[in-house]
Amino acid sequence: MSTKINGSLIEISLEGPISEKASLFEINLQPFKEIKINLSKVTFINSIGVKNWILWTCRLPQNAKLYLDECPFVIVNQINIVQGFIPKNAIVTSFLAPFLCEKCSHEETIKLSQDVHYFYASDQAAASVQIPENLTCAKCRGTLEPDFLLEKTFGFIKRTS
Ligand SMILES: [Zn+2]
(Lines give C-alpha, C1' and ligand atoms only; values in the text may rest on other atoms or scores of the structure.)
Protein backbone atom coordinates (compact mmCIF):
# COMPACT_ATOMS: atom_id res chain seq x y z
CA MET A 1 0.00 0.00 0.00
CA SER A 2 1.20 3.53 -0.70
CA THR A 3 -0.28 6.90 0.25
CA LYS A 4 0.13 10.43 -1.04
CA ILE A 5 -1.15 13.45 0.85
CA ASN A 6 -1.97 16.82 -0.66
CA GLY A 7 -3.71 19.16 1.80
CA SER A 8 -7.13 17.68 2.58
CA LEU A 9 -6.77 15.04 -0.17
CA ILE A 10 -5.30 11.61 0.44
CA GLU A 11 -4.58 9.18 -2.37
CA ILE A 12 -4.17 5.55 -1.42
CA SER A 13 -3.05 2.68 -3.66
CA LEU A 14 -4.07 -0.73 -2.37
CA GLU A 15 -2.32 -3.99 -3.18
CA GLY A 16 -3.13 -7.65 -2.63
CA PRO A 17 -6.13 -9.15 -0.86
CA ILE A 18 -8.56 -7.20 1.30
CA SER A 19 -8.76 -9.43 4.35
CA GLU A 20 -8.52 -9.11 8.12
CA LYS A 21 -5.00 -7.70 7.78
CA ALA A 22 -5.47 -4.91 5.21
CA SER A 23 -3.38 -1.95 6.43
CA LEU A 24 -5.93 0.45 4.89
CA PHE A 25 -8.05 -0.05 8.00
CA GLU A 26 -5.31 1.40 10.22
CA ILE A 27 -4.86 4.79 8.52
CA ASN A 28 -6.33 7.78 10.31
CA LEU A 29 -8.54 9.43 7.69
CA GLN A 30 -10.21 11.99 9.94
CA PRO A 31 -8.17 14.98 8.64
CA PHE A 32 -9.21 14.41 5.02
CA LYS A 33 -12.08 15.78 2.92
CA GLU A 34 -11.31 13.75 -0.19
CA ILE A 35 -10.20 10.13 -0.12
CA LYS A 36 -9.12 8.59 -3.42
CA ILE A 37 -8.40 4.89 -3.47
CA ASN A 38 -6.84 3.04 -6.39
CA LEU A 39 -7.78 -0.64 -6.24
CA SER A 40 -6.18 -1.87 -9.48
CA LYS A 41 -3.80 -4.20 -7.59
CA VAL A 42 -6.41 -5.66 -5.26
CA THR A 43 -6.49 -9.41 -5.89
CA PHE A 44 -9.55 -10.53 -3.95
CA ILE A 45 -11.70 -9.79 -0.94
CA ASN A 46 -12.80 -12.44 1.54
CA SER A 47 -15.81 -12.36 3.84
CA ILE A 48 -13.83 -10.95 6.78
CA GLY A 49 -12.45 -8.35 4.40
CA VAL A 50 -16.00 -7.35 3.37
CA LYS A 51 -17.03 -7.04 7.02
CA ASN A 52 -13.94 -4.98 7.94
CA TRP A 53 -14.34 -2.83 4.84
CA ILE A 54 -17.92 -1.94 5.79
CA LEU A 55 -16.90 -1.16 9.40
CA TRP A 56 -14.09 0.99 7.95
CA THR A 57 -16.46 2.98 5.68
CA CYS A 58 -18.67 3.68 8.72
CA ARG A 59 -15.68 5.31 10.44
CA LEU A 60 -14.91 7.63 7.50
CA PRO A 61 -15.29 11.35 8.23
CA GLN A 62 -18.95 12.28 7.55
CA ASN A 63 -18.23 15.14 5.15
CA ALA A 64 -15.47 13.34 3.22
CA LYS A 65 -15.94 12.23 -0.36
CA LEU A 66 -14.76 8.75 -1.30
CA TYR A 67 -13.55 7.99 -4.84
CA LEU A 68 -12.74 4.47 -5.98
CA ASP A 69 -10.51 4.19 -9.04
CA GLU A 70 -9.72 1.15 -11.22
CA CYS A 71 -11.87 -1.22 -9.18
CA PRO A 72 -11.33 -4.87 -10.09
CA PHE A 73 -14.52 -6.56 -11.26
CA VAL A 74 -14.79 -8.54 -7.99
CA ILE A 75 -15.07 -5.25 -6.10
CA VAL A 76 -17.74 -3.89 -8.47
CA ASN A 77 -19.73 -7.05 -7.78
CA GLN A 78 -19.45 -6.45 -4.03
CA ILE A 79 -20.62 -2.86 -4.49
CA ASN A 80 -23.69 -4.11 -6.36
CA ILE A 81 -24.49 -7.08 -4.16
CA VAL A 82 -23.60 -5.94 -0.64
CA GLN A 83 -25.83 -3.16 0.63
CA GLY A 84 -23.74 -0.48 2.34
CA PHE A 85 -20.44 -1.69 0.89
CA ILE A 86 -19.67 1.91 -0.04
CA PRO A 87 -21.16 5.10 1.43
CA LYS A 88 -24.03 6.59 -0.58
CA ASN A 89 -22.00 9.59 -1.77
CA ALA A 90 -19.02 7.47 -2.88
CA ILE A 91 -18.11 7.50 -6.57
CA VAL A 92 -16.63 4.69 -8.63
CA THR A 93 -14.45 6.71 -11.03
CA SER A 94 -13.41 3.66 -13.06
CA PHE A 95 -13.48 -0.13 -13.00
CA LEU A 96 -11.95 -3.05 -14.85
CA ALA A 97 -14.47 -5.04 -16.87
CA PRO A 98 -14.10 -8.42 -18.57
CA PHE A 99 -14.66 -8.56 -22.33
CA LEU A 100 -14.72 -11.64 -24.51
CA CYS A 101 -14.02 -12.21 -28.22
CA GLU A 102 -17.05 -13.75 -29.91
CA LYS A 103 -14.88 -15.63 -32.38
CA CYS A 104 -11.90 -17.03 -30.49
CA SER A 105 -12.97 -16.62 -26.83
CA HIS A 106 -9.92 -14.47 -26.05
CA GLU A 107 -10.51 -12.51 -22.83
CA GLU A 108 -9.49 -8.92 -22.26
CA THR A 109 -9.91 -6.52 -19.38
CA ILE A 110 -11.12 -3.08 -20.40
CA LYS A 111 -11.13 -0.07 -18.11
CA LEU A 112 -14.52 1.68 -18.06
CA SER A 113 -14.59 5.25 -16.75
CA GLN A 114 -17.15 7.56 -15.20
CA ASP A 115 -18.40 10.28 -17.58
CA VAL A 116 -16.99 8.34 -20.56
CA HIS A 117 -18.63 4.92 -20.36
CA TYR A 118 -21.15 5.45 -17.59
CA PHE A 119 -22.90 8.40 -16.05
CA TYR A 120 -24.32 8.55 -12.56
CA ALA A 121 -27.91 9.65 -12.14
CA SER A 122 -28.18 13.36 -11.35
CA ASP A 123 -30.95 15.91 -10.84
CA GLN A 124 -30.84 16.61 -14.58
CA ALA A 125 -30.50 13.14 -16.05
CA ALA A 126 -31.02 9.46 -15.41
CA ALA A 127 -28.05 7.13 -15.11
CA SER A 128 -26.75 5.95 -18.47
CA VAL A 129 -24.22 3.57 -19.97
CA GLN A 130 -22.12 3.91 -23.10
CA ILE A 131 -20.20 0.68 -23.65
CA PRO A 132 -17.32 1.14 -26.12
CA GLU A 133 -18.16 -0.37 -29.50
CA ASN A 134 -15.89 -1.91 -32.09
CA LEU A 135 -13.33 -3.14 -29.57
CA THR A 136 -11.01 -5.38 -31.55
CA CYS A 137 -9.62 -8.70 -30.34
CA ALA A 138 -5.80 -8.58 -30.16
CA LYS A 139 -5.59 -12.19 -31.34
CA CYS A 140 -8.02 -12.57 -34.25
CA ARG A 141 -9.31 -9.05 -34.97
CA GLY A 142 -12.80 -10.20 -34.04
CA THR A 143 -15.11 -8.05 -31.92
CA LEU A 144 -14.93 -7.95 -28.14
CA GLU A 145 -18.24 -8.10 -26.32
CA PRO A 146 -18.94 -7.43 -22.62
CA ASP A 147 -18.65 -10.68 -20.66
CA PHE A 148 -21.04 -9.44 -17.99
CA LEU A 149 -24.65 -8.41 -17.55
CA LEU A 150 -24.98 -4.67 -18.10
CA GLU A 151 -28.08 -4.25 -15.97
CA LYS A 152 -26.51 -6.01 -12.99
CA THR A 153 -23.02 -4.52 -13.30
CA PHE A 154 -24.16 -0.93 -13.62
CA GLY A 155 -26.62 -1.18 -10.73
CA PHE A 156 -24.33 1.09 -8.70
CA ILE A 157 -24.80 4.18 -10.92
CA LYS A 158 -28.51 4.29 -10.17
CA ARG A 159 -27.94 5.01 -6.51
CA THR A 160 -28.70 8.62 -5.80
CA SER A 161 -28.17 11.03 -2.93
ZN1 LIG B 1 -10.53 -13.17 -31.02
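Into which domains is the chain divided?

**View 1. The two domains of the predicted model.** The chain is divided into domain 1 (1-92) and domain 2 (97-161), with bounds that come from an automatic or database domain assignment. The C-alpha centres of domain 1 and domain 2 lie 22 Å apart. Residues are numbered from 1 along each chain as its sequence is written, and side-chain values use heavy atoms, with hydrogens and water left out. Because this is a predicted model, local features need pLDDT of at least 70 and side-chain atom pairs count only at pLDDT 80 or more, whereas totals for chains, interfaces and linings use all residues.

**View 2. The area buried between the domains.** About 1,000 Å² is buried between domain 1 and domain 2, and carbon and sulfur atoms give 54% of this area; buried area is the accessible area (1.4 Å probe) that two parts lose on being put together, summed over both. In domain 1, the residues that lose the most area to domain 2 are F73, N80 and V92, which together make up 49% of what that side buries.

**View 3. Residues in contact.** Counting heavy atoms within 4.5 Å as contact, 10 residues of domain 1 are in contact with 13 residues of domain 2.

**View 4. The salt bridge of E70 and K111.** Across the interface of domain 1 and domain 2 the rule finds one salt bridge, a term for a side-chain nitrogen of Lys or Arg within 4 Å of a carboxyl oxygen of Asp or Glu. The side chains of E70 and K111 meet in a salt bridge, at 3.1 Å from N to O.
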